[in-house]
Amino acid sequence: MPIRRGADYIRALRDGREIWHAGRRIADVTAHSGFSGTIKTLADMYDKQHSPEYRDVMTLEHEGERISYSYLAPTNAEQLALKRRNIELWAQATFGQMGRYPDFCAQLVVGLLDWTHEIEKHNNQWAENARKFYLHCRRNDLCLTHALTDQYYDRTKRVSEQDDPDLILHVVGETKDGVVVRGLRTLATLAPVSDEVLVYPNRPRDPDEADYAIAFAVPMNIKGLKIVCRDLYAEHADPERYPLTTRFDEVDAALIFDDVVVPWERMFVYKNPQLLAGVNYIHTWAQYSTMVRLITKLEAFLGVAQLLTQWGGRNKSVSSQLLLSSLMQDIEILRSSMQVAEVNGYRSPGGGWAPRLSPAYRIHSIEASDRAERTMEGLLTSYLMLSSGASDLNSPELGPFVERYFRGGAPSTKEHLRLLAVAADMVMSPFGKRSQLYERLQSGEVDRMRLRLYGQYKDSAPADRMLKFVGEMDNDR
């Protein structure tokens, strides 16, 4: 199958998957208002792949077929730069608001392919399974989610010591067709509208926890998989008041594996805690995608803030200029960080070309995201409490009053109300608050990243220079 179109993506979602929300089963996500806006956004992006304007930005001829740049496993700096161009297009089209759009998990599968150099040291068949899965995703241009988190269990006990062993996803049996797994895995973002899910834990397993040390992938409609959605923010939302919610809500979900049979050919790690301990290797290009997207998201914050302060006459205020400059500062720092990561790119152990990403970049991006939210609140204050929206302009009775009183200094009242709605949706709505929590925690707790940075930091030059200086002080006498 060549690169997909929007209609192909929508058709694939009508596959009988078992989706639940508020105690009710959703028969067709494509016809449900809680999902339809996001589905349209992604379908439009798939259609862009075929347009003359974007075709060569988003796709390329590779090994005799047309593929998405998202699925290109880069082997040199030039290919990495072309991948970035595609990531930026996806990010700009969604204003950085979709942390798990299809490009992200495609990069995970690129990482999985690269990791096969390590997998094959343990089991050649698992490595071959991973290679075939990569090709399957690439050739079908799939939209994936991933599920990593063990959520509702007793953290005072080890994984293998839980009173209910099924609280954490694990192996419960084997058949000739595959491995039987049971348990819960949460925070599968975009799961209701994805084709397949990549499953692995985000915490290592102890040597005696082999039944929990698994990594695999399955289609979203596989028998026994129940997809339980969090609140559907877009379901009853007015697109004029919630323009981001109704277009970009990715809908996180919990996945219940009720004796799901995972085909043997879809197992990438099976009962191997030692191998699974290195699974975060596959995040290399996905983290790169995240950083590029987040820069775009901060740019969107800046654009909204610049326009609204200009229209409100606040841009002349020193306090407003200081707040705006903090956004500009973070954007420039992160742009520079990405340039350094690319310039210092390296040949990965699996043979790919990878950006050299420091945990410091991700830590700063999280702090920058939090600052952006506070900056918007500080700049716009009560403007964010929307008391009218562009849809009110359609009312013969109310519309003339709204037209008169809500224009401010904007070119038109409609533009003013729409931009205010974007600002409020960024920081005040359930969608906006969820987005901030996502940015803060999607790579793990910040303190864990700081500890990782401490463990990885190898630059001894500062201490060596100071030691040399104090050692030479006697020579000054």
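**Exercise 1.** Sort the lining of the largest cavity by residue class.

*Solution.* Start with the count: six lining residues are nonpolar, three are polar and two are charged. Here Ala, Val, Leu, Ile, Met, Phe, Trp, Tyr, Cys and Pro count as nonpolar, Asp, Glu, Lys and Arg as charged, and the others, Gly among them, as polar. A cavity is a set of points on a 1 Å grid over the protein atoms alone where a 1.4 Å probe fits but cannot get out, and lining residues have an atom within 4 Å of a point. Next, find the residues in the model: Y46, Q49, S68, S70, Y71, W90, P102, D103, A106, D141 and L142. Finally, look at helix α5 (residues 102–119), which gives the most to this lining, with three residues. Helices are DSSP runs of H or I with at least four residues, and strands are runs of E with at least two, numbered from the N terminus.

A word on the model: it is predicted, so local features need pLDDT of at least 70 and side-chain atom pairs count only at pLDDT 80 or more, while totals for chains, interfaces and linings use all residues. Residues are numbered from 1 along each chain as its sequence is written, and side-chain values use heavy atoms, leaving out hydrogens and water.

**Exercise 2.** Which residues line the second largest cavity?

*Solution.* Look for L112, W115, L198, Y200, A215, F268, V279 and I282. Then sort them: eight are nonpolar, with no polar and no charged residues.

**Exercise 3.** In what order do the four strands of the open sheet lie?

*Solution.* The order is β5-β8-β9-β12, with mixed pairing; two strands pair if DSSP finds at least two bridges between them. At the edges are β5 (144–147) and β12 (267–270).

How values were computed: 1 Å grid on protein atoms, 1.4 Å probe; cavity = no way out; pocket = protein on both sides within 12 Å on 5 of 7 lines; lining within 4 Å.
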